[in-house]
Amino acid sequence: MRIAASILAMAATASAFAPMPIVSRSTTLSGLPEEISDAIAENQAKSERWCEIRLLSDEDAEAQLSGEELESFKAYHADNKADIVKMKGVTELMLKSLELPKIQPKGKKQRKRDKFVLQTKIAAARTAEAAAK
């Protein structure tokens, strides 16, 4: 009985955070207007071309591309590589903060040594204060 109730509760809470269904009233399949202007057609052609070239390797890009396409390819991949290096640094910092070094607890003798050192410092400070008066 408890198992059924807990499963029912989990299902109810999971559906509470589900996104609302998107109701689309568009009659076009791609979301573009039915009559495409020259600017939209040009942008669409550039987008399709970029989809073809952005996944090329550096060597293939050097061999196949030239001009503005090669420049944009190099800039895109340089930015991506810089972002990857930056994120590797961030992940290293995160891992360092997650894996804190374990400090060995002090033993009874070390605590006594520390207490003795503190007491001698306090006694020395008091004698210096008394001598100053």
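Arginine 49 counts as partly exposed because its relative accessibility is 31%, where partly exposed lies between buried (under 20% relative accessible area) and exposed (over 50%), judged with a 1.4 Å probe and protein chains only. This is a predicted model, in which local features need pLDDT of at least 70 and side-chain atom pairs count only at pLDDT 80 or more, while totals for chains, interfaces and linings use all residues. Residues are numbered from 1 along each chain as its sequence is written, and side-chain values use heavy atoms, with hydrogens and water left out.

**Salt bridges around arginine 49**

- A search of the whole structure finds six salt bridges, a salt bridge being a side-chain nitrogen of Lys or Arg within 4 Å of a carboxyl oxygen of Asp or Glu.
- One of them joins the side chains of arginine 49 and glutamate 52, with an N to O distance of 3.2 Å.
- Both arginine 49 and glutamate 52 belong to helix α2 (residues 38-53), where they are three residues apart, about one turn of the helix; helices are DSSP runs (H or I, at least four residues), numbered from the N terminus.
- Glutamate 52 counts as exposed because its relative accessibility is 52%.
- Arginine 49 also forms a salt bridge with glutamate 69, and the closest N and O atoms are 3.0 Å apart.
- Because glutamate 69 lies in helix α4 (residues 68-98) and arginine 49 in helix α2, this pair ties together parts that are 20 residues apart in sequence.
- Glutamate 69 is partly exposed, at a relative accessible area of 29%.

- The side chains of aspartate 58 and lysine 81 meet in a salt bridge of 2.9 Å, N to O.
- Aspartate 58 lies in helix α3 (residues 58-64) and lysine 81 in helix α4, so the pair ties together parts that are 23 residues apart in sequence.
- Aspartate 58 is partly exposed, with a relative accessible area of 35%, and lysine 81 is partly exposed as well, with 45%.

**A nonpolar surface patch**

- Ile3, Ile7 and Met10 make a nonpolar surface patch of about 350 Å².
- Patches are made of residues with over 30% relative accessible area and no salt bridge, nonpolar side chains (Val, Leu, Ile, Met, Phe, Trp, Tyr) being joined within 5 Å and like charges within 9 Å.
- Accessible areas come from the Shrake-Rupley method with a 1.4 Å probe, and for residues only the protein chains shown count as cover.
- Isoleucine 7 lies in helix α1 (residues 2-16).

Notes
Helices (H or I, at least four residues) and strands (E, at least two) are DSSP runs, numbered from the N terminus.
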